[in-house]
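My notes follow in the order I took them.

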Amino acid sequence: MTASTINRTIKGIVAASAALIMAASMAACGPSAATPSEDASASGASGNSSSKVTARTLDEIKKSGELKVAVFSDKAPFGYIDKSGKNAGYDIVFAERLAKDLGVKVKYTSVDPAARVDVLTSNKVDITLANFTVTDERKEKVDFAKPYMKVSLGVVSPENAEITDVSQLKGKTLIIAKGTTAESYFEKNQPDVKLQKYDQYADAYNALLDGRGDAFSTDNTEVLAWAKSNKGFKVGITKLGDEDTIAPAVQKGNKELLNWINDEIDKLGKENFFHKDYEKTLEPVYGDDVDPDDIVVEGGKL
C-alpha cells in the first residue's frame, strides 16, 4: 500500500468517525431528548403538545390532602398577607371554604396578575382565585366557573390633581398592572394615554405614591379600598368601561372540578355565604360608602 493510499484511508476513517459523532449529538438534541419544559415551550399557546400537563382529578386532590389555589398577596382587601403573615381577604375566605368542603387544606401560591393563566395551564395550581375578571380572551385559555363578584374599572389619583374624566388622561401617564383588564381596556380604547406598567400591584401603588405617574387604574373595588386607607388620594372615576364579573378559573377542559365548584357556588348562595364574606372582609374597609349588592354575586346569579 502506497503512502498516498494510507493517507486517504486514514482521512476516510476520521471523516466517518466525525459523522457518527455529529449524528449522535444531533439525536441527543432532538425531540426525543427534550425536557417537559422544552416541550411546553415549543407547543406555544395552543396547548397541542402531547406532553401537556393534565389537571388533577377531585380524587387526586383529596388523596393529596391539599387544594392548590392561586391568590394575590398584595391586593387588600381581596387577597393579601396580614400582620401575622397569613393569607387573608375576600378570596381567601372563599378558598378556605372550598377546601373545607373537599376535606383538605389549602396550599396557596401567590401570583402576579399576568401569571394567573399560566399557573393553571402548567398545573401548578388547581384553581385561580386571584380576583380574576372573566374576559373572552381568557375564556380561550381557561374555564371559568360561575361568578361571585361584579366589577368595573376605576381610576385613583392625587386629590390636588384629581382625574374625574378619562379625557383628562390624554398625554398623561397612567399606572397599571400587567395582565389586567385595565391594561387591555386602555390599550384598545385610549391609545393617547401613556401606560406605565408594573408586574405587581404593590409596585404600581408605590409608583403612584412616589409621583411617577398621574393616576392608577384597576378594579374599582380595589382603588376605592386603597384610597380610603391612603390620605390625599381620591377615586375620581368610579366606573369605567363595561361591568364585568369575577369568577374562579380552572385548567381548560377540567370539567370535573369546574362542575364541583359550580355546585358549591349554588350551595353557598343558599347560605348567603358571599354577603357574609363581604361583611367580614370588605365592609370594614368600605363602610357605608359601598352597597354590598353592587359587588357581591350570590349563587352565581347576576
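I began with the sheet: five strands form an open, mixed sheet in the order S10-S9-S11-S8-S12. Strands here are DSSP runs of E with at least two residues, helices are runs of H or I with at least four, and both are numbered from the N terminus. Two strands pair if DSSP finds at least two bridges between them.

This is a predicted model, in which local features need pLDDT of at least 70 and side-chain atom pairs count only at pLDDT 80 or more, while totals for chains, interfaces and linings use all residues. Residues are numbered from 1 along each chain as its sequence is written, and side-chain values use heavy atoms, without hydrogens and water.

I looked up S9 (residues 173–177) next: five bridges join S9 to S10, and the two run parallel. Leu174 has Leu195 in S10 as its bridge partner.

Then I turned to the helices. Helix H7 (residues 181–189) lies across S8 (149–158), S9, S10, S11 (215–219) and S12, and runs at about 160° to S10. Angles run from 0 to 180 degrees between N-to-C directions, with axes fitted to C-alpha atoms, for helices over the stretch in contact. Contact means heavy atoms within 4.5 Å.

Last, I checked Ile81, which is found in strand S3 (residues 79–81). Is Ile81 buried, exposed or partly exposed? Ile81 counts as partly exposed because its relative accessibility is 38%; buried means under 20% relative accessible area, exposed over 50%, and partly exposed in between (1.4 Å probe, protein chains only). Leaving out residues up to four places away in sequence, Ile81 touches Ser73, Lys86 and Asn87.
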